[in-house]
Structure formats: C-alpha cells, structure tokens
Amino acid sequence: MTTDAARTQRTAWWLFAPPALLAALRWGLQWQAERHPGPPAWRLSPLPPPQATALDLFLPWLAALAAVLVAAALLALLARRRGAAAVRRVLLGAWVLACLAGCAALGLHAANLQGLQAQPPAQAQVLGSRARAPHLHSTGGTELVLRIEGVPAPQQVLIDAPEAAAWANGQRLELQRAQGRWYGHYATGWRLIMAP
C-alpha cells in the first residue's frame with residue numbers, strides 16, 4: 001500500500017469512526033432504555049423573561065457567529081504559516097473532539113436521568129398550553145407553561161401524555177417532581193385537583 005493510500009485510509013477512519021461510535025452509543029442507550037424503562041420524566045425549564053430584547057434573543061447566535069469567524073481567521077493564519085496539512089490535522093482533531101463530546105453528553109444525560117431524586121409534590125397551575133408536532137429530536141406533545149408553588153419563575157414543560165392536551169388555562173395540579181442526579185428539574189407525574 002502506498003503512503004498516499006495509507007494516509008487516505010487513516011483519514012477515512014478518523015472521519016467516519018467517531019460519528020459511528022456516537023451513533024452506536026445512542027442506539028445502545030435507547031435499547032437499554034427500552035429494556036429497562038425508568039419513570040417518566042419531563043424536563044422543566046424556566047420561561048424566558050417577557051422583557052427580553054431582540055439582542056437578548058440573538059446574542060447566542062451572534063456569539064456563535066463571532067466564534068466561527070475567529071476560528072476561520074486562526075485557521076487561515078495557521079495555513080499561511082504551517083501549510084494546509086496543519087489545518088487538516090487541526091480540523092480532524094476538532095471533529096474527533098466534537099464527536100467524543102457528543103458521546104460524553106449522551107452518557108451524562110442518561111446517567112443524570114437514572115439518578116432522579118424525588119422532591120416533595122407542589123401545587124401547579126396551567127398558565128398556557130399549545131400542541132407541538134413531533135420532529136427528529138422530540139416525540140411532540142403538549143407544551144405547558146406552569147406556575148409552580150415555591151418556584152419564582154413560570155416553568156415550561158413538553159409532556160407527551162395525551163391527557164395533557166385537554167388541560168385548559170387555570171387547571172390546577174399536584175405536580176410530582178424530581179431533580180436529576182447532577183442537573184435539571186423534572187416533572188414525573190401529576191394529580192388533577194380541580195378544573196378551571
């Protein structure tokens with residue numbers, strides 16, 4: 001095998017093996033979750049503040065664009081000083097690190113959900129709801145905005161249980177909650193208290 005063919009084969013391995021590992025880990029975690037399902041858990045997240053400006057909404061996108069532009073300028077400088085081979089090595093290293101970070105995030109998320117710690121139930125009131133269609137990253141369901149007793153900001157949660165679609169504004173619930181092993185708060189169940 002010639003040196004160029006060996007280099008091409010090695011590059012192909014570095015390009016395709018990390019995402020294959022990521023896909024295999026994702027499949028393995030889904031298979032494990034189907035074999036040993038845990039309790040249902042729907043992520044609670046604070047509703048963005050109503051006085052958010054356009055800059056607040058676009059700031060993450062602007063920061064990402066600035067990071068991409070800085071990275072491109074650094075790669076162009078590296079190409080001018082060290083050549084294209086150095087740029088390829090840096091890009092390949094970044095690709096592998098990104099795939100490994102994805103694997104770590106999948107594993108951390110699964111372990112976080114396996115270590116749910118129950119919290120005392122809390123009274124909650126539905127402030128609003130809307131249907132969300134399923135897509136690649138979610139099964140869809142009903143997105144609810146809840147005011148939870150003892151929590152300062154309204155919380156939003158996407159629940160895929162069909163009965164959540166019938167809840168109207170003002171519906172009161174007793175919400176069972178849990179905290180993830182390391183991060184996040186989750187709704188794990190509910191009991192209807194009264195109709196609006």
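## Helix 1 and its kink

Helix 1 bends by about 25 degrees at Phe16, shortly before the proline Pro18; the bend is the angle between axes fitted to the seven residues ending at a position and the seven starting there. This is a predicted model, in which local features need pLDDT of at least 70 and side-chain atom pairs count only at pLDDT 80 or more, while totals for chains, interfaces and linings use all residues. Residues are numbered from 1 along each chain as its sequence is written, and side-chain values use heavy atoms, without hydrogens and water.

The 33 residues of helix 1 reach 47 Å from first to last C-alpha, close to the 48 Å expected (1.5 Å times one less than the number of residues). Helices (H or I, at least four residues) and strands (E, at least two) are DSSP runs numbered from the N terminus.

## Largest pocket

The largest pocket holds about 1,400 Å³ of space. A pocket is an open set of points on a 1 Å grid over the protein atoms alone, where a 1.4 Å probe fits, with protein on both sides within 12 Å along at least five of seven lines; lining residues have an atom within 4 Å of a point. Volume is the space filled by probe spheres set on the points, which are joined across faces, edges and corners.

Of its 29 lining residues, Gln30, Ala33, Ala41, His109 and Leu113 are closest to the centre. Helix 1 gives the largest share of the lining, 6 residues; strand 1 (42-46) and helix 3 (84-114) each supply at least two.

## Second largest pocket

A volume of about 310 Å³ belongs to the second largest pocket. Its lining comprises Arg7, Arg10, Thr11, Trp14, Ala85, Arg88, Arg89 and Leu92, with helix 1 and helix 3 each supplying at least two residues.
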